[in-house]
Amino acid sequence: MTAVNSAPPPVLQLDHVARRRAGRVAVQDLNLALAPGQVLGLLGVNGAGKSTTLSMIAGALRPDQGTIHLNGEDFLERPELARRLIGWLPERAPVWPELSVAEHLAAHGRLRGLGGAALRETCEAMLARLELQPLARRLAGMLSQGQRQRLGLACALLHRPAVLVLDEPANALDPVQITALRALIREQAAAGTAVILSTHVLVEVTAVCDRVAILHEGRLHHDGPVRADDHAALERRFFEIAMHGATAAARAA
Amino acid sequence: MTLLAMLRLETRRLCVQPLAWVLLALSLAWLGWCFTRLLGEFLAGEIQRAAQADGPGYVDLVAVPLLGQLAQLAFLMVPLLGMSTLAGERRNGTLPLLFAAGVPASRIVLGKYLAMLLWLLLWLLLTLAMPLALAHATAPDWGKLAAATLGIVLMLAALAALTLAASAFTAHPAIAAAVALLLGLALWTVNLGAQMAGIDDGAINWLAMSTHEQNLLRGLVSTTDILWFVLLIAVCLALATRRLAAEKERG
C-alpha cells in the first residue's frame, strides 16, 4: 500500500527566483511554497527584498531567473493568471486620485473580469466589509493614508483571489483598524485564501501568521512555523539574521 | 474585456478631470468666435461671389478655415489633454496595479489612446456642429467637408499617439506635454527650413505633416497621405507599448 500525502498542493510556488533592481541584487535564489489557507509573514529589514518579492508574486515585476507557479500553472508564461488568482495591496496603496472610492472598486472589478450585477453586489459587500460606505463618493485623492490602505485592501479582495499579497497593510491604520485587519486576514485564510504578508512589525506576524520567512539581502534565511506565544524566539531569530548581515557587511568593509 | 475595462477607466478619468473641461470650454469659445468672424466675412462677400460661377463656397470659406483653426489649437490642446495618461500613472504609482491585474502593455496603451481619441472626437463634433448648423441654408460641398474632417481626425489621432508616446517615457506630465508639443511642431514644419533655403525636396516634404494635412483640407484624399498618418500612429503606439513592457521587465 502506498502512503498518501494529505498536504494540499501549493497554490503558489517560487523556485530559484532572482531579480536585480537598480543595479544591485534585490532577490536571489528564492524558494517558497504557499498552501491554500496558509498565512505567511515575510520579514526583513529595509532593502531585504520583501517588496521586490511581493511585486514578482503579484505579477507587477518579472523575475530575471527562476519560475513562479500559480495553481500549478506557469505564471511567467501566463501573466493573465494574475487577473483572477492574485489580489495585491502594494506599499502605500496607490490610487487614481480623481476617481471616487466606489469608482475605484468598480474599475478594479472590471479589470479583474467582473461586470454587471455581480460587480455591483461585490463592490457593495466590500464597501460594507471594509467600512468604506461613508466614503464611497469621496475622491480617492482626498483620503487619509489609513483610508487609502482600506480602499487598497478592498480592491485586492474584490475578485476573491486565491493568493492575497499584502505589502505592509497595517501602515497608517489605528489600533482598532489593525485588529479588524487581523480578523479579516484570518477570515480570508479560513476561506482558503493563501495570504502573504510583508511587515516590519514582528508582533503582527505572531498575531496572524502560521509561518514566517525572513529575508536578508535578498536571500531567504529562515522559513518555518510561528506560534502566537513564540514572540521572543522570533525576535531573537530576526535580530540574529539582521545583525549577522550587518556584521558581515562591516567585516567586508 | 480588459481593453474595454481600460477604455472605460480612462474615459471616466478624463471626464472627471477639470483640465479636460477647461480646455474644451476655452477652445470652443475661441472656435465659436472664429466661426462668427468667418461667417461675417462669408456673408459680406456673398454679392461679389454671386458673379463667379465656380467660386469658393461655404465649406471653403467657413467650415475648412474653422477646422484649420482647430488644427492649430490641437498642437497645444492634445499634449495638455494627454500628458498625464502614462506619466501620471507612473507618478501615482498606479502602473504596477495595471500590470498586476494582468493587463498587457498593448491594451493599457490602446485603452488610453482610444479614450483620448473619444474625447478629441467630441471636441471635433462640437466644432463641426457650428458650420453644420447653418449648412441647410447653403449648398455645401459635402465631399470637401468630409475630406477635411478626415484630415483633422487623422491629425488628432496622430497627435494623440505622439503625446501618449511622450508620456510613456517620463514620470513628469509637464515634460511629456512639452516634448509632444515640440515633436508635433517639428513634424509640421520639418520641410519649412528646406523650403526657405530654396530646396524643394520630395523626401523632406513627404516627412512633413503639413504636406499631408493640407492635401486633405483641400479636399484631396490620397492613400499616401492616409498611410503617412497611419504609420505615425502605429510607430508611436508601438513605442509606448514597448516602453511599458520594458518597464515591467526592468521594474
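The following legends describe close-up views of a predicted model.

**View 1. The contact between chain A and chain B.** Chain A contributes 27 residues to this contact and chain B contributes 22 residues. On the side of chain A that touches chain B, the elements giving two or more residues are helix H1 (50-58), helix H2 (82-85), strand E6 (86-89) and helix H3 (101-111) of chain A. H3(A) supplies the largest share of that side, four residues. By residue class, the side of chain A that touches chain B comprises 15 nonpolar, three polar and nine charged residues.

**View 2. Helix H4 of chain B and its bend.** Helix H4 of chain B, residues 58-82, has 25 residues. From its first C-alpha to its last H4(B) reaches 33 Å, which is close to the 36 Å expected at 1.5 Å a residue. A bend of about 45 degrees occurs in H4(B) at Ala74(B).

**View 3. The surroundings of Thr163(B).** Thr163(B) belongs to helix H8 (residues 142-168) of chain B. Not counting residues up to four places away in sequence, Thr163(B) touches Val78(B), Pro79(B), Gly82(B), Met83(B), Ala176(B) and Ala180(B). Leu80(B) lies 83 residues from Thr163(B) along the chain, and the C-alpha atoms of the two are separated by 8.7 Å.

**View 4. The crossing of helices H7 and H8 of chain B.** The axes of helix H7 (residues 105-133) of chain B and H8(B) come within 10 Å and cross at roughly 145 degrees. The crossing of H7(B) and H8(B) is right-handed. From H7(B), the residues in the contact are Val109(B), Lys112(B), Tyr113(B), Met116(B), Leu117(B), Leu120(B), Leu124(B) and Leu128(B). Those they meet in H8(B) are Thr149(B), Ile152(B), Val153(B), Leu156(B), Ala157(B), Ala160(B), Ala161(B) and Leu164(B). The contact of H7(B) with H8(B) consists of 14 nonpolar residues, one polar and one charged.

**View 5. Leu114(B) in helix H7 of chain B.** Leu114(B) is found in helix H7 of chain B and counts as partly exposed, with 17 C-beta neighbours inside 10 Å. In sequence, Leu114(B) and Ile226(B) are 112 residues apart, while their C-alpha atoms are 19 Å apart in space.

**View 6. Helix H13 of chain B and its buried residues.** Helix H13 of chain B, residues 223-250, has 28 residues, which should span 40 Å at 1.5 Å a residue. The end C-alpha atoms of H13(B) are 40 Å apart, in agreement with that span. The buried residues of H13(B) are Asp225(B), Trp228(B), Phe229(B), Leu232(B), Ile233(B), Cys236(B), Leu237(B), Ala240(B), Thr241(B), Leu244(B) and Lys248(B). The buried residues of H13(B) pack against helix H5 (84-92), helix H6 (95-100), H7, H8 and helix H12 (209-217) of chain B.

View 7. Most residues other than glycine have a negative phi. Ala172(A), with a positive phi near 65 degrees, sits in the loop between strand E7 (163-167) and helix H6 (175-190) of chain A. Ala172(A) is partly exposed, with 16 other C-beta atoms within 10 Å. For Glu217(A), phi is positive and near 50 degrees. Glu217(A) occupies the loop between strand E9 (211-216) and strand E10 (219-225) of chain A; with 19 other C-beta atoms within 10 Å, Glu217(A) is partly exposed.

Notes
Residues are numbered from 1 along each chain as its sequence is written. Chains are lettered from A and ligands numbered from 1 in the order in which they are written. This is a predicted model: local features need pLDDT of at least 70, side-chain atom pairs count only at pLDDT 80 or more; totals for chains, interfaces and linings use all residues. Two residues are in contact if their C-beta atoms, placed from the backbone, lie within 7 Å. Ala, Val, Leu, Ile, Met, Phe, Trp, Tyr, Cys and Pro count as nonpolar, Asp, Glu, Lys and Arg as charged, and the others, Gly among them, as polar. The expected span of a helix is 1.5 Å times one less than its number of residues. The bend at a residue is the angle between axes fitted to the seven residues ending there and the seven starting there. Axes are lines fitted to C-alpha atoms, for helices over the stretch in contact, and angles run from 0 to 180 degrees between N-to-C directions. A crossing is left-handed if the near helix is turned anticlockwise from the far one by less than a right angle, and right-handed if clockwise. A residue is buried if 20 or more other C-beta atoms lie within 10 Å of its own, exposed if 12 or fewer, and partly exposed in between; C-beta atoms are placed from the backbone.
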